[in-house]
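User: Please take a close look at one loop of this model. Then carry on to the other parts that you can describe in detail.

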Amino acid sequence: MIDIKNRNKILIIAEKPDMAKKIAFALNHSKFEKNGYFETDNFIFTYAIGHLYKLAYPQEMDEKYKSWNIDILPFAFTNIKLNTIANNGTIEQAKIIKKLLVSDTVGEIINACDADREGEYIFRNIILGSNIKFSDGIIFSRMWISSTTNEGIQEAFKNRRPLIEYKNLGWSAKARAYADYHLGLNATRAMTSSFKNSSKDVISVGRVQTPTLKMIVDRENDINNFKSKKLYSIKGKFKDDAIAFFADYVPEDKNEKNEYENIDEVNKIISSIEKGDYIVNDVKKTKRNISHKPLFSLSDLQIAMSSKFGYSAQIILNTVQSLYEKYSLVTYPRTDEKHISPEWANKCNSVIVDSLLEVFNQFTELIKQNNYKIDKKCIANKDKIGAHEALTPTGKKITKEEYNSLNTYEKNVYDAIVLRFLTAFLPDAIDETTTFLLFNGTTTFKYSFTKQLEEGFRIIDKPKEDENKTGELILKLGQKVNLLEVFYKEKDTQPPKRFTEGTLIKEMKNPSKYLQNKDDQNIIKKVEGIGTEATRAGIIESLKQRNYITVDKKQIIPTQKGIDFIRIFPSEILKSVSLTVDLEKKLDDIENGKLNFAECLNYIFKLDKKLIEDIKEATKNGENKISSNSNEILCKCPFCGSNIIEKDKLYCCENKECNTVIFKNQLAKSLGLYKISSSAAKDLFIRGKTSKKVSGFTSKNKKRYSAYLTYKKENNKNDVWITFE
């Protein structure tokens, strides 16, 4: 047995590599880096890459679940084994951590994963998934890092607590994972075995995915059922000595809007208004300071880029991840923070601005000349700094050459992050609104205009032109003007707009309007909606991959499969945001010791049992199969990360702006190849060349031959040709 006294090192496990570096820097400057960890005389710092382990599939727990049959559902596992996630270096990193956990130099193991439920879950799965029998005397601790400054990390280390004190948080995290597992997989298998229309089709269900789809389908139904009506506003045409202008009628009840549905009422009001002289009896000038927008969280970046360019949420996530990992040009991407720490703010005021001089000098010179500092509103209070900071540029100096080497997606996303960051240094813009009231003793009209007094941050973030903006007008108090004409303007009410990926993420982040109870609304706001910064893009991609939705010119449109699914799926609670609320209440109760894991699991098992019964009943009621309307997904697009799908005549990227495409008959006329197969197309997109020769070519003298296919895309042109080697 190893003497615990000789174990003089502390192993600290962070959730991500960048956080491990911050902790290492804060606790010991003289670190040296190895593959997958940092080591000093007293410490070993290592990291997960987010989740390293996942729950095993039902068939791995019991072979009978290899069959997707509703008659053997629901399954109800109280203890699910963990498997290592096989992507992005997770297997290698899991092995490294396991080796460090059994090191005979380690006497204390600290959970330094993010200070939340998910961070607790990641760490505990590492311990359980490693399947290690630890020596007696090993200390397990928890660093609760609420501030990522050096001081905050040092304080968290000094005040670390025994891991046992966080056991309820751990059980709460496990309950959330088990709930999603059982509800999603039981429902998916039951619906697929009962309503699928194709052997390849899967009818996927999920606690976040399904309410999100219902939002989309409900919006489509609202659009289809919308009946437009006319609205009328009353206006007057006035003339002073110099110019004519138009002013808005002010209703006698000043609280009412100048907007009417009844044309007879409008005509009655117009006929009662006297023309002739009016007096300018009130002039008001109001100044307004307008501040820059907050620094970007991931969701806000996705919303902004979707609105401006129509980029998918996944493309934005992939792109900002590339800027972070490949180029080190931006800070950690998967952040829900809009603030930065005081320590990072100090660096931003000098190093970060200087790093942008070569490419963004027109703005950085302005900041330096005026000695502008980053707005204090962007800086978090010391006790409210989250696990990550808002998205900003890093201190890495970017040259024009490196900037020009970025692809279009990278350049646009990087520009957005940098320019949003630089606006935070500039002063407020100042607008002044002038309002004239025109009165004849009985009737009032109003004319307003706004002009910009100070440009401020708008030198970078220029506002969109307002189509309804009125021109500047100079009138004096007591001045007479003449009402020449009174008329109405009509407009048709418009149906609600379809979601874009940006507006859908916004809806997912704050879905409180789908809840009636104020307490429930507060809970959903507290947990920031359904999904997380890291998962919402994946949820939308999943809806695309399952052929529940398509995206056309930025707009999200439910497919027939998506519409059928929401109509047929019998569980209202699983289609509702309220399930997240109910689950959050129970998870809070576990965390506070009012409920245990087994009791929460029993609640989930009852939901599953009722769900399976309802699905069986739906089949008895003669419900139809759910349309598959699927385009086969071949692979991921090598240029933007969206799906490459197969259509009748071509293979193409779902992201229409990407313009990546191979036509099936692309070589029919020139080389006699009747059709490029799906397997060949997949090879071309992934490798740029087929792995084996393709037969079916015909030479000019009618001889048949085989050759390799090659593919490249340059200057937005897709080219397929042949080679013999």
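Analyst: Helices here are DSSP runs of at least four residues, numbered from the N terminus. The model is a predicted one.

Start with the loop between helix H10 (313-325) and helix H11 (342-355), where Ser328 lies. Ser328 has a phi near 55°. That value is positive, in a residue other than glycine. Most residues other than glycine have a negative phi, and most peptide bonds are trans. The backbone has another entry to check, at Pro74. The peptide bond from Leu73 to Pro74 is cis, and its omega is near 5°. Pro74 also sits in a loop, between helix H2 (58-61) and strand E6 (82-84).

Next, the second largest pocket. Its volume is about 910 Å³. The lining has 26 residues. Nearest the centre are Lys293, Ala304, Lys308, Arg420 and Asp461. Two helices, H9 (298-309) and H14 (408-423), each supply at least two lining residues. H9 gives the most, with seven residues.

Now a helix pair. Two packed helices are described by the angle between their axes and the distance between the axes. For helix H6 (residues 167-195) and helix H20 (residues 597-620), the angle is about 10° and the axes are 10 Å apart. Angles under 35 degrees count as roughly parallel, so H6 and H20 are roughly parallel to each other. The contact of H6 with H20 has 19 nonpolar, four polar and two charged residues.

Last, a sheet. Three strands form an open sheet in the order E22-E23-E24, and the pairing is antiparallel. Strand E22 (694-698) and strand E24 (717-723) are the edge strands, and each pairs on one side only. Neighbouring strands of this sheet are turned against each other by 55° on average, direction ignored. E22 pairs with strand E23 (residues 704-714) over four bridges, in the antiparallel sense. Across that pairing, Ser695 stands opposite Ser706 in E23.

Key: Residues numbered from 1 in each chain as written. Predicted model: local features only at pLDDT ≥ 70, side-chain atom pairs only at ≥ 80, totals over all residues. Heavy atoms only, no water. 1 Å grid on protein atoms, 1.4 Å probe; cavity = no way out; pocket = protein on both sides within 12 Å on 5 of 7 lines; lining within 4 Å. Points joined across faces, edges and corners; volume = space filled by probe spheres on them. Axes fitted to C-alpha atoms, helices over the stretch in contact; angles between N-to-C directions. Parallel < 35°, antiparallel > 145°, perpendicular 65-115°, else oblique. Nonpolar A, V, L, I, M, F, W, Y, C, P; charged D, E, K, R; others polar. Pairing = 2+ DSSP bridges.
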